[in-house]
Amino acid sequence: MNKPPPVVLPKIEFTREFAFSDADFERIRKLIYKEAGISLNPSKKDMVYGRLVRRIRELKLPGFAAYVDFLESISGKREFEQFVNALTTNLTFFFREEHHFPLLAEHLKKKATAGGELAIWCAASSTGEEPYSLAITALEAVPGARISVLATDLDTSVLETGRKGIYAADKVARLPPGYAAKYFDKQSDGSFQAKAQLRNMITFQRLNLVESNWSVKRQFDAIFCRNVMIYFDRDTQFGVLKRFAPLLKPDGLLFVGHSENFYFASDYFHLRGKTVYEHAKKP
């Protein structure tokens, strides 16, 4: 008995609003690497199209080639900020990778016995959920201590969100029990704003980790740089870690993301626990 011929489904062609050639993608890839250290592989081409097509529409440009030409021109320098913001990934939520926060609390308790201000740097703050989580952890661990949190990010739009400290109810619902009422005020529209005490602990400012000159000069008891260097190549990662070393106090801790491993920087840091590093040698 003859088998029926296989069913061949018609191939569906998806047409894009704007042409986006491999050459266009390569120019964008080089620009974002130079500006932000982000290394884009070819699989990210569709993502790049989706992130930037809105900018092309808004600027009323004919396509991607014209957009990159504009970015590289003198008149396009202000657009560069929008370009970087569009290609920056800002996935975050309160107390993400929760195993880090009890470790931070114990660390701050030990440090508080020596007196002085406790300083934490959140080096990829996104929309602010992480620095607010750090500030809450510090207040719970060492109430009454002087605490400061520096929150930096490349993306200016997410910094402004963090500075306001206003979040939707579903985001605040991720907080541990009791923390929403203790540290946030419910707004008339149903959102929640971090209380002034919490906001005043945190300084939000722009900082590009791959720029040659950082505005950060002081030392910190803990540095959180989680889930950002996965977008960097190894040379860029090593350069950032080398610059973190003198900014971390001799007994300070560096917290990184769950999928990040920096064994190649063993001259500067060694693994203390699950994605937590300390100085390889005491400075």
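**Close-up views of a predicted model**

**Figure 1. Helix α2, residues 45–59.** At 1.5 Å a residue, the 15 residues of α2 should span 21 Å, and the end C-alpha atoms are 21 Å apart, which agrees; the expected span is 1.5 Å times one less than the number of residues. Helices (H or I, at least four residues) and strands (E, at least two) are DSSP runs, numbered from the N terminus. The model is predicted, so that local features need pLDDT of at least 70 and side-chain atom pairs count only at pLDDT 80 or more, whereas totals for chains, interfaces and linings use all residues. Residues are numbered from 1 along each chain as its sequence is written, and side-chain values use heavy atoms, with hydrogens and water left out. A kink of about 35° in α2 is centred on L52, the bend at a residue being the angle between axes fitted to the seven residues ending there and the seven starting there. K60, with a positive phi near 60°, follows α2.

**Figure 2. Packing of α2 against α3.** The buried residues of α2 are K45, V48, Y49, L52, V53, R55 and I56; buried means under 20% relative accessible area, exposed over 50%, and partly exposed in between (1.4 Å probe, protein chains only). They pack against α1 (22–36), α3 (64–71) and α4 (79–87). The axes of α2 and α3 come within 10 Å and cross at roughly 75°; axes are lines fitted to C-alpha atoms, for helices over the stretch in contact, and angles run from 0 to 180 degrees between N-to-C directions. The two helices, α2 and α3, are therefore roughly perpendicular to each other, a term that covers 65 to 115 degrees (under 35 is roughly parallel, over 145 roughly antiparallel, and the rest oblique). Y49, L52, V53, R55, I56 and L59 of α2 make the contact with F64, Y67 and F70 of α3, where contact means heavy atoms within 4.5 Å.

**Figure 3. Helix α4, a mostly covered element.** Seven of the nine residues of α4 are buried, namely E79, F80, F83, V84, N85, A86 and L87. These buried residues pack against α1, α2, α3 and α7 (156–164).

**Figure 4. The largest nonpolar core.** This core has 36 residues, and I120, F184 and L198 have the most contacts inside it. A nonpolar core is a set of buried Ala, Val, Leu, Ile, Met, Phe, Trp, Tyr and Cys residues joined through side-chain atoms within 4.5 Å. Helix α6 (residues 129–141) gives the most to the core, with six residues. Neighbours within four places in sequence aside, L198 is in contact with Y132, A135, I136, L139, Y183 and F184. Another core, of 28 residues, lies apart from it and includes A119, W121, V216 and A245.

**Figure 5. Loop residues E97 and N227.** Most residues other than glycine have a negative phi. E97, in the loop between α4 and α5 (100–112), has a positive phi near 55° and is buried, with a relative accessible area of 14%. N227, in the loop between β7 (220–225) and α11 (234–244), has a positive phi near 60° and counts as buried at 14% relative accessibility.

**Figure 6. R146, in the loop between α6 and β2 (147–153).** At 53% relative accessibility, R146 counts as exposed. Residues up to four places away in sequence not counted, R146 touches G116, E117 and L118.
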